[in-house]
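The sequence and structure come first, then the notes.

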Amino acid sequence: MGNNIIRDMKKQMEEKDIYEYAKECAFSYMDNVGEREVYPKKDDLELLKRFEEALPTEGCKDTEILKMLHDYGSSNTVAQTGGRYFGFVNGGALPISLATRWLTDVWDQNAVLHIASPITSKLEEICEKWIVELLGLPEGTAAGFVSGSSNAALCALAAARNTLLNRAGWDISKQGLFGAPEIKVVLSQDAHATIIKALSLLGIGYNQIVKVESDSQGRLMIDKLPSLDEKTILILQAGNVNTGAYDDFDTLCDIAQKEGAWIHIDGAFGLWAAASDNTKHLTKGISKADSWSVDAHKTLNVPYDCGIVLCKHRDKIIAAMQARGEYILYGSKRDGMLYTSDMSRRARAVELWAAIKYLGREGIQCLVNNLHENAVYFAKQLRKVGFQVLNDVVFNQVLVNYKDEQTTKNILKQVQDSRICWCGETKWHETYAIRLSVCSWVTTKDDIDKSVSSFVDAISNIANE
Ligand SMILES: *Cc1c(COP(=O)(O)O)cnc(C)c1O
């Protein structure tokens with residue numbers, strides 16, 4: 001049996017039928033995704049039960065596996081690569097990046113060290129330079145290619161924590177965290193949940209964080225800023241997850257720099273505003289920070305999972321992410337694992353490189369502007385039909401409500417049930433709201449019109465109930 005399976009797999013590699021079949025399923029999905037319901041239907045969700053089976057003793061025919069996935073799996077995805085998914089800041093998938101990913105999946109490279117994959121090491125090096133230039137960050141800034149902004153923030157904040165403790169004469173890699181001098185973390189009350197999580201993984205608890213009041217848009221209020229010093233990490237935000245708002249980096253960074261604090265900017269989706277002339281004013285002053293976290297899988301529309309940690313102080317992030325082992329042979333060329341918390345990683349920089357090479361500066365500007373313009377249009381159309389827009393639509397986020405909380409909830413339920421588009425809910429500073437994230441390159445004005453129609457239908461359905 002064991003030998004047969006090896007023989008069969010060799011045959012699969014030679015004949016390639018299984019790959020052809022996967023391609024067929026993928027193309028059928030692609031052709032359908034713009035038309036289908038954006039969220040799985042109840043009947044489809046029932047089909048997920050088909051996956052509930054006992055651990056198989058004998059294997060299964062390869063095509064049957066793909067067929068099962070296509071039949072019961074494809075319809076149970078959210079149609080994120082269609083044009084009308086506005087729930088969470090997810091983003092679609094650029095064709096060039098998806099195609100590149102297919103190729104690199106065949107390569108199956110490990111981005112760990114230069115000797116493990118020269119091509120990946122080279123493209124990480126190129127991506128690092130390009131992204132630093134695109135976002136207008138200080139020359140020589142180091143980049144690590146990670147699974148997403150959560151991990152990017154973790155790596156950056158580890159570098160920050162270790163550096164500040166070092167300044168206080170404490171070497172965390174030798175002495176550990178217990179008994180270490182206290183460091184202060186200052187952030188806005190609207191900081192993203194993943195930042196709090198990263199801090200807690202780094203031994204900094206919720207009660208140790210100084211939360212600063214933010215204004216109606218979620219921008220940290222400068223006059224509420226506590227005193228900062230060389231043992232403070234100040235965490236700012238480029239793109240609030242609800243409103244899309246940006247902190248006043250220019251002013252805040254000047255204050256923090258003067259006191260010697262470490263500044264980190266969480267720019268998971270919003271940092272890309274720096275890449276467009278139309279939106280770059282939002283990010284004025286970001287280059288004064290020490291570290292940044294950003295996703296390629298959100299605004300840039302690279303497929304999941306693709307995030308980037310950026311650190312002005314190359315030696316500090318390397319010191320924080322260092323691993324030792326007799327068999328780890330660091331070379332003179334770029335060794336990717338030095339910049340991330342992982343050791344083995346997939347070659348995600350390759351599809352990022354492909355995205356930037358395909359789009360160029362101009363294409364990226366176009367992509368960013370398009371998301372912004374579509375969000376502004378969405379807000380305008382919803383306002384026209386009676387919704388209240390709760391935020392300044394500075395980037396891609398739109399928060400709306402209709403009359404009161406209950407009516408808004410009822411409308412959202414109807415909209416979700418209609419499956420013409422999908423969006424979620426939030427509480428914005430005590431006010432219940434429908435939250436729309438315009439983040440796919442595929443979305444057109446027509447998609448927004450169709451979505452707005454489903455909101456209008458929901459209002460009239462409720463009126464008739
Ligand atoms: C999405 C998001 C994160 C977390 O990024 P992941 O890629 O999901 O890990 C952090 N901050 C903000 C503002 C986000 O929107």
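The largest nonpolar core has 53 residues; such a core is a set of buried Ala, Val, Leu, Ile, Met, Phe, Trp, Tyr and Cys residues joined through side-chain atoms within 4.5 Å. Buried means under 20% relative accessible area, exposed over 50%, and partly exposed in between (1.4 Å probe, protein chains only). The model is predicted: local features need pLDDT of at least 70, side-chain atom pairs count only at pLDDT 80 or more, and totals for chains, interfaces and linings use all residues. Residues are numbered from 1 along each chain as its sequence is written, and side-chain values use heavy atoms, without hydrogens and water.

**Largest core**
- Ile 131, Leu 236, Ile 265, Leu 300, Ile 308, Leu 310 and Leu 352 touch the most other members.
- Elements that each supply at least two residues include helix H6 (118-135), strand S4 (232-237) and helix H12 (348-384); helices (H or I, at least four residues) and strands (E, at least two) are DSSP runs numbered from the N terminus.
- H12 gives the largest share, eight residues.
- This core lies between domain 2 (99-356) and domain 3 (368-464), because both give residues to it; the domain bounds come from an automatic or database domain assignment.

**Second core**
- A separate core of 36 residues includes Trp 170, Val 185, Ala 198 and Ile 204.

**Helix H2 (residues 17-33)**
- Ile 18, Tyr 21, Cys 25 and Val 33 are buried in H2.
- The buried residues of H2 line one face, because they fall within an arc of 110 degrees seen down the axis (directions from the helix axis to the C-beta atoms).
- Asp 17, Tyr 19, Glu 24 and Asp 31 are exposed on the face turned away from the buried side of H2.
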